[in-house]
Amino acid sequence: MAASLYSASINRFGRYKAMHIARLKAAQSDRDFIWRAYESAYQNVVERQFGTWEAELQMPAFDEKWRQGGFEVLALNGKSVGAVWVTNEGEFLQLRDLFLLAEYQGRGVGAHIVRQELEKARVLGVPLRLRVLKQSLAIALYERLGFTICGEASTQYWMEAN
C-alpha cells in the first residue's frame, strides 16, 4: 500500500492536538472494513431519507463500487477510520464517496480530505463535484467548504465547488 501523510491542527473541540491522516490505496483485504465504514456512515441518512436500511439491498450497490476500484483507506493517527473514492473525469474531479465510521464524524477528518481534493481540483483548473442524499447532514459541511447545489434528482443533490 502506498501512503501519503497529511497533518493538520484539529478542530475547535480540541479532541486532538494534531491529526495525521494517511491515505492508503485499498487492497482486497480492506474490503470488509470499508463495507463496515460505509454501513456505519450511511445507515442513519438512508433511514432518514428512505425509512429503513436494508443491508441486502445496499451490499450489491457497494460491491459494484468496490469492483470499480480506486478506494483509499483513511487512517487517523494509525487507525483506519473511513475511506474515500475520487475519480478524474477530465472536465472535473468527482468525489464519489467519502465516509467515516460514525464515531469519527464531526472531528474534522472529512473536511480535511475535502479540502485536499479541492486543492487538487484547483491545481488542475477543474471543479470538484459530488452527489449527496438530500437528508445528509454533510450538506452543511459541503456548503461551508464552498460547494453549491448545481442540480438535483428526487433523492439527491449534485454539488460543485470551483
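Helices (H or I, at least four residues) and strands (E, at least two) are DSSP runs, numbered from the N terminus. This is a predicted model, in which local features need pLDDT of at least 70, side-chain atom pairs count only at pLDDT 80 or more, and totals for chains, interfaces and linings use all residues. Residues are numbered from 1 along each chain as its sequence is written, and side-chain values use heavy atoms, with hydrogens and water left out.

**Overall layout**
- The chain holds four helices and eight strands.
- Read from the N terminus, the order of elements is β-β-α-α-β-β-β-α-β-α-β-β.
- Of the 162 residues, 45% are buried (under 20% relative accessible area; exposed is over 50%, partly exposed in between; 1.4 Å probe, protein chains only).
- Take the contacts (heavy atoms within 4.5 Å) between residues at least 6 apart in sequence: 56% of them join residues at least 24 apart.
- The accessible surface (Shrake-Rupley method, 1.4 Å probe; for residues, only the protein chains shown count as cover) is about 8,900 Å². Carbon and sulfur atoms account for 49% of that surface.

**Confidence**
- The mean pLDDT (the predictor's confidence in each residue, from 0 to 100) is 91 for the chain, and 90% of the residues score at least 70.
- Where pLDDT is low, the predicted coordinates should not be read in detail.

**Helix 3**
- Helix 3 covers residues 109–124, 16 residues in total.
- From first C-alpha to last, helix 3 reaches 23 Å, close to the 22 Å expected (1.5 Å times one less than its number of residues).
- Its buried residues include Val109, His112, Ile113, Gln116, Glu117 and Leu118.
- Gly125 follows helix 3 and has a positive phi, near 75 degrees.

**Phe71 and Leu24**
- Phe71 sits in strand 3 (residues 71–76).
- Phe71 counts as buried because its relative accessible area is 3%.
- Setting aside residues up to four places away in sequence, Phe71 touches several others, among them Leu24, Ile34, Trp66, Val84, Trp85 and Phe99.
- Phe71 and Arg23 are 48 residues apart along the chain, with their C-alpha atoms separated by 9.4 Å.
- Leu24 belongs to strand 2 (residues 18–25).
- Leu24 has 19% relative accessibility, so this residue counts as buried.
- Leu24 and Val84 are 60 residues apart in sequence, yet 9.7 Å apart in space, C-alpha to C-alpha.
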